[in-house]
Amino acid sequence: MLSCLRPILNRAGGGRQKSIDSTCLSPGAEDDHDVKILYVSHGFPPDQMAGAEVYTYSTARGMQALGHEVLVFAPAQRPALPEYGTIEESTDGVRVIRLNQNYSDLYRLEATYRNPAVDRIFSEILDRERPD
């Protein structure tokens, strides 16, 4: 897969390549296995519908349509559920794991981006799902 990214990397470095070969985006471009992709987003439809959320949704659906295994990790705010509980669901066929965060224990801003409980849960998901 890295050789498929070289045109992008070259362009970022000032190279003249304007696009990549579309076969690089299809399953088995360089080997015979599909890619297992984990997208991490600060929101995901239908809970949140703004620019980054819609972009992540569209990209995830597109990669899934190409045959890749796709998973999205995003927050949820469900007051009836326990803090830091996980919710596994599907949004238009895309598998989503939502981490419930009602911020009931929020006492300072740092806790919104540095949280050992969230780190532990995300690490467990990485270990279980093993994305490429």
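Predicted model: local features only at pLDDT ≥ 70, side-chain atom pairs only at ≥ 80, totals over all residues.

1. Strands E1 and E2 run parallel and are joined by five bridges. For a handy reference point, look at Leu38, which has Leu71 in E2 as its bridge partner.

2. E1 itself is largely enclosed by the rest of the structure, because four of its five residues are buried.

3. Next, please turn to helix H3, which spans residues 116-129. Its 14 residues reach 20 Å from first C-alpha to last, close to the 20 Å expected at 1.5 Å a residue.

4. Which residues of H3 are buried? They are Val118, Ile121, Ile125 and Glu129. These four lie on the same side of H3, because they cover an arc of only 70 degrees around the axis. The general rule behind such a pattern is that an α-helix has 3.6 residues a turn, so residues three or four places apart point the same way. On the other side of H3, Pro116 and Asp127 are exposed.

5. The cover over the buried residues of H3 includes strands E1 (36-40), E2 (69-76), E3 (86-91) and E4 (94-100).

6. Finally, the helix ends. Asn115 caps the N-terminal end of H3, with a side-chain oxygen 2.9 Å from the backbone nitrogen of Ala117. After H3 comes Arg130, which has a positive phi near 50 degrees.

Key. Residues numbered from 1 in each chain as written. Heavy atoms only, no water. Helix = DSSP H or I, 4+ residues; strand = E, 2+ residues; numbered from the N terminus. Expected span 1.5 Å × (residues − 1). Buried < 20%, exposed > 50% of the residue type's maximum accessible area, 1.4 Å probe, protein only. Arc of directions from axis to C-beta. Contact = heavy atoms within 4.5 Å. Polar contact = N/O pair within 3.5 Å; in protein donor to acceptor, adjacent residues only side chain to side chain. Pairing = 2+ DSSP bridges.
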